[in-house]
Amino acid sequence: MSAHESMEHAEHAEHASGSNKKIALLIAVLALFLAVSETLGKGAQTESISKNVEAANLWAFFQAKSIRRTVVVTAAEQGKLTLAAVDEAQKPAVQKQVEDWTKTAQRYRSEPETGEGTEQLAEKAKHAEHDRDEATAKYHHFELASAAFQIGIVLASATIITGMFALAYVSGILTIAGLFMTALGLWWPHLLHLH
């Protein structure tokens, strides 16, 4: 091998080494973005599950209160019907019981002090469902971002092996797409309908 050929070979190796360092840096950055999107995705998934359980519990409590209210309203209506059939000595006691049942039914419907009336429970359950849907939308965006970053890592790694720099450019495009999906998940989770 001539000195000229050796010099060209060394220059080519040096150029490839510099390119490989840039690709390695791209892979490191992609890995960082992947870790962030995975962490955000896991947090959103946990929040979604938590809010789903909360909504289910609130709706179950709502149903229980509704059933109790229906039973009490039915008892009050039955008491009103029996007022005509009872003797005068029992009427005040039956009337008081009907009034107590009516007050209890009203309390089961709306109890702002405790937040446990059916009206308040329905509002809380709807809020929990909204929070669940928000977290689920975020989760979907973060999952897509993670996929973009993972594919970008694979393509960047393939660039080192194959020397095909077009793969690095595609990896860069996927990095931008992943960052875009992460931003959507953080600030505008309902901009795109992904579920």
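Select G163 to start: just after helix 3, this residue takes a positive phi of about 75°. Helices here are DSSP runs (H or I, at least four residues; strands are E, at least two), numbered from the N terminus. This is a predicted model, with local features needing pLDDT of at least 70, side-chain atom pairs counting only at pLDDT 80 or more, and totals for chains, interfaces and linings using all residues. Residues are numbered from 1 along each chain as its sequence is written, and side-chain values use heavy atoms, leaving out hydrogens and water.

Next, select residues 118-162. This is helix 3, with 45 residues.

Zoom out to the whole chain. It has four helices and zero strands. The radius of gyration (over C-alpha atoms) is 33 Å, well over the 16 Å that the globule rule gives for 195 residues, so the chain is more spread out than a compact globule. That rule is 2.2 Å times the number of residues to the power 0.38. The C-alpha atoms fill a box of roughly 125 × 25 × 20 Å along the principal axes.

Now pick W59 and F62. They form an edge-to-face aromatic pair, 5.3 Å centre to centre, with 85° between the planes. Rings of Phe, Tyr and Trp (its six-membered ring) pair if their centres lie within 6.5 Å; planes under 30 degrees apart are stacked, over 60 edge-to-face, the rest tilted. W59 and F62 sit three residues apart in helix 1 (residues 3-83), about one helical turn.

Last stop: F180, in helix 4 (residues 165-187).

Definitions and conventions
The expected span of a helix is 1.5 Å times one less than its number of residues.
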